[in-house]
Amino acid sequence: MNGLRPICVALLVLMAGPGRADGPSDLKAGPVGRVTEVIDGDTVRVLGHDADVRLIGLQAPKLPLGRAGFKAWPLADEAKAALSDLVEGREVALRLGETARDRNGRTLAHVVRDDGTWVQDEMLRRGWARVYTFPDNRRLAAQLYAAEAEARAASRGIWSRPFYAVRAADPMTLRADIGSFQIVAGRVVDAARVRERVYLNFGADFRTDFTVSLDRDAQDLFAAAGLDPLALEGRIVEARGWLTSRNGPMIEATHPEQVVVLSAD
């Protein structure tokens with residue numbers, strides 16, 4: 001699956017719409033300061049800023065950071081080192097997302113180095129992170145996906161490890177990944193609306209097979225992008241998100257950027 005270059009219909013629609021940012025320069029300007037510490041592969045501290053800065057739009061391999069019983073993900077130290085190489089001691093400018101802080105009080109921002117280097121783009125192109133978007137922070141998703149695709153095609157960084165490989169939509173295999181963030185690829189066998197939800201079913205038995213679920217808010221975001229999730233029936237797609245267990249493995253898609261169309265037939 002890694003060799004396929006994803007084409008996200010949702011992203012193409014969003015890119016064509018008004019107000020598209022050409023990189024982070026069009027986002028709201030935040031503080032400027034020197035990076036004094038790199039905490040992990042997607043979090044830094046900036047001199048004079050009152051909160052840690054979480055690089056939005058990506059997810060680097062996680063470190064325990066004092067969490068009891070948490071095991072570091074493969075290549076977490078390498079991802080931190082890569083971010084350190086890019087920004088430690090450098091002057092950076094923060095470009096703020098639609099939501100400025102996360103639930104942990106960290107500032108959510110795109111980070112631009114003093115020489116104009118967009119740090120998220122570099123981390124993804126070098127293969128040290130995956131694209132990770134939210135309904136309220138997704139404006140630059142198309143550019144981030146393009147950077148990730150380049151690293152995946154070249155098997156750089158995390159893409160050289162099975163831990164981060166794209167999973168097939170096989171419920172038996174996916175059981176071992178419940179509770180983790182995954183990218184799952186397969187054909188949507190059936191797309192159906194049941195009461196307030198839309199379900200994209202990747203097998204004949206929705207009680208056991210892999211499913212992507214969309215609540216009403218997610219459906220509204222699809223509609224705003226001019227997309228009908230029911231039209232994904234029969235298509236080969238990638239879905240990314242946290243795997244839960246609900247009548248088989250499930251990903252809750254909260255916004256259209258989580259679903260990438262690989263094939264229209």
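Me: What makes a run of residues a strand here, and where does A29 lie?
Reply: A strand is a DSSP run of E with at least two residues, numbered from the N terminus. In this predicted model, A29 lies in strand β1, residues 28-40.

Me: Which residues is A29 in contact with, leaving aside neighbours within four places in sequence?
Reply: They are L94, R95 and L96; contact means heavy atoms within 4.5 Å. A29 and V112 are 83 residues apart in sequence and 11 Å apart in space, C-alpha to C-alpha.

Me: Why is L75 called buried?
Reply: Its relative accessible area is 11%, and buried means under 20%, so L75 is buried. L75 sits in the loop between β4 (57-59) and α2 (76-87).

Me: Why is N247 called partly exposed?
Reply: N247 has a relative accessible area of 48%. The loop between β13 (236-245) and β14 (249-252) holds N247.

Me: What is phi of L75, and what is phi of N247?
Reply: Phi of L75 is near 70° and phi of N247 is near 55°. Each is a positive value in a residue other than glycine. Most residues other than glycine have a negative phi.

Me: Which residues have the most contacts inside the largest nonpolar core?
Reply: They are V44, L83, V87, V119 and M123, in a core of 42 residues. Not counting residues up to four places away in sequence, M123 touches several residues, including L58, L83 and W128. Another core, of 23 residues, lies apart from the largest one, with A191, V198, V212 and F222 among its members.

Notes. Residues numbered from 1 in each chain as written. Predicted model: local features only at pLDDT ≥ 70, side-chain atom pairs only at ≥ 80, totals over all residues. Heavy atoms only, no water. Helix = DSSP H or I, 4+ residues; strand = E, 2+ residues; numbered from the N terminus. Buried < 20%, exposed > 50% of the residue type's maximum accessible area, 1.4 Å probe, protein only. Core = buried A, V, L, I, M, F, W, Y, C linked by side-chain atoms within 4.5 Å.
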